[in-house]
Amino acid sequence: MGPLKGIKVIDMTTVLMGPYATQMLGDYGADVIKVESLDGDVTRVIGPTRHAGMGPVFLNTNRSKRSICLDLKKPAGRDAVLRLLRDADVLVYNVRPQAMARLQLGYDVVSAINPRLVYAGVFGFGRDGPYAAKPAYDDLIQGATALPALMAQTGDGVPRYVPNALVDRIVGLTAVGAICASLVHRDRTGRGQRVDIPMFETMAGFVMGDHMGGLTYEPPLDKGGYARHLSRDRRPYKTSDGHLSVIVYNDKQWENFFEATGRDDLRADPKFATFAGRAAHIDVVYAELARIFETRTTAEWIELLTKADVPVMPMHDLASILHDPHLKATNFFPVVEHPTEGPIRSMKVTASWSETDAEPVRLAPRLNEHGAEILREIGYSADEIATMIRDGVTRPAPE
């Protein structure tokens, strides 16, 4: 009974960016129908797996969906998609718009069949620029929006990508907001619309929102960059037996830190005494904090700083985060029973509502698990479905 209950979403996306967005829509209550090729989403084969086609990346990006596979290059496959779209609320795709046009599934075609449809594209570049026809991937967009350059500046000088599909996730989140806003507009006016969510422009705004700096002004006041984020000493602090994440940020927190550590000398130092002083000498501040935190154990610092109301968190790795006491208390990583994969560790829907709370309605589907069911819903007979299987338009139901 999530807030999007009653909304029908046709998901024509693959890999991460689009599926992450549509999974969220499904978690929020929408009926998400994932249209896959006959070979399935490529993330199905990213291991490790217990069974072929059910890899962890797929499992963690495609719950709350039903799966149907169709060959869209065959007229019967395209016709099936058009039938699905007649009463759909949202179509989400993440190929280039030119590819949708070649499939004869462009907005001009689809909106004529269903004027109320929100036609949402998540793809590389805005349609009006010279990059419009270029392919785009997370790594490419990270590089083009300065993230590896920033990593080099704050590290050992070697440009590196962030070790996470950061672009795909951020653009997916942006798409969810854009789609929900379009649904509000549709409910007010009765008209759907095309909405484009380009990766490059979305991430350019995401990164430069922090780092525009003096480039905000014309002429520029500096070369850009947020000094605190670019300090090489902005990192988890080494303690005597591990590492710790700490930020001493506002004046009250610094007063508490001076008191808890007995560092009256720093309180009297203009580099540390005020927000402006610390901002102007951020490398000095971080370097001194690094020396201080090496003097005690992680547990000692967590106890001391928590009592002093100074923001502190453990530095987890991929294994230890599963045992974080807060995430355990909120049951963020529930172990659930998948119909074919057995017990798997899932993740909780993070948003909550007082009236329409949401949780995943189903776990990630096998390829074409719901194909016959979906085709029956849009009027196909058993004989017609059998013909589609025989002609290679779709596949038989999985065993």
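Ala 146 has a relative accessibility of 30%, so this residue counts as partly exposed. On this scale, buried means under 20% relative accessible area, exposed means over 50%, and partly exposed lies in between, with a 1.4 Å probe and protein chains only. Ala 146 is placed in the loop between α6 and α7 (147-154). Here helices are DSSP runs of H or I with at least four residues, strands are runs of E with at least two, and both are numbered from the N terminus.

Let me state the basis of what follows. The model is predicted: local features need pLDDT of at least 70 and side-chain atom pairs count only at pLDDT 80 or more, while totals for chains, interfaces and linings use all residues. Residues are numbered from 1 along each chain as its sequence is written, and side-chain values use heavy atoms, with hydrogens and water left out.

Next, the overall picture. The protein contains 19 helices and eleven strands. Along the principal axes, its C-alpha atoms fill a box of roughly 85 × 55 × 40 Å. Of its 399 residues, 43% count as buried. If we take contacts (heavy atoms within 4.5 Å) between residues at least 6 apart in sequence, 69% of them join residues at least 24 apart.

Asp 309 sits in the loop between α16 (298-307) and β9 (312-314), and with a relative accessible area of 58% Asp 309 is exposed.

There are also cis peptide bonds to report. One joins Gly 47 and Pro 48, with omega of about 5 degrees, and Pro 48 belongs to the loop between β2 and α2. Another runs from Glu 218 to Pro 219, with omega near 5 degrees; Pro 219 is in the loop between α9 and α10 (227-230). As background, most residues other than glycine have a negative phi, and most peptide bonds are trans.

I turn to the packing of helices. At what angle do the axes of α8 and α9 cross? The axes of α8 (residues 166-189) and α9 (residues 199-211) come within 10 Å and cross at roughly 95 degrees. The two helices are therefore roughly perpendicular. Axes are lines fitted to C-alpha atoms, for helices over the stretch in contact, and angles run from 0 to 180 degrees between N-to-C directions; 65 to 115 degrees counts as roughly perpendicular, under 35 as roughly parallel, over 145 as roughly antiparallel and the rest as oblique. On the α8 side the contact is made by Leu 166, Val 167, Asp 168, Ile 170, Val 171 and Thr 174, and on the α9 side by Met 199, Thr 202, Met 203 and Phe 206. By class, this contact has seven nonpolar, two polar and one charged residues. Nonpolar covers Ala, Val, Leu, Ile, Met, Phe, Trp, Tyr, Cys and Pro, charged covers Asp, Glu, Lys and Arg, and the others, Gly among them, are polar.

At 0% relative accessibility, Val 167 counts as buried. Leaving aside residues up to four places away in sequence, Val 167 touches Asp 138, Ile 141, Gln 142, Met 199 and Met 203.

Finally, the pockets. A pocket is an open set of points on a 1 Å grid over the protein atoms alone, where a 1.4 Å probe fits, with protein on both sides within 12 Å along at least five of seven lines; lining residues have an atom within 4 Å of a point. Volume is the space filled by probe spheres set on the points, which are joined across faces, edges and corners.

The largest pocket has a volume of about 1,100 Å³. Its lining has 44 residues, and Met 12, Thr 14, Val 15, Asn 94 and Val 95 are the closest to its centre. Which element gives the most to this lining? That element is α4, with four residues. The lining divides into 24 nonpolar, nine polar and eleven charged residues.

The second largest pocket has a volume of about 900 Å³. Of its 36 lining residues, the closest to the centre are Tyr 20, Asn 164, Arg 169, Phe 332 and Met 347. Elements that give two or more residues to this lining include α8, while α1 gives the most, with four.
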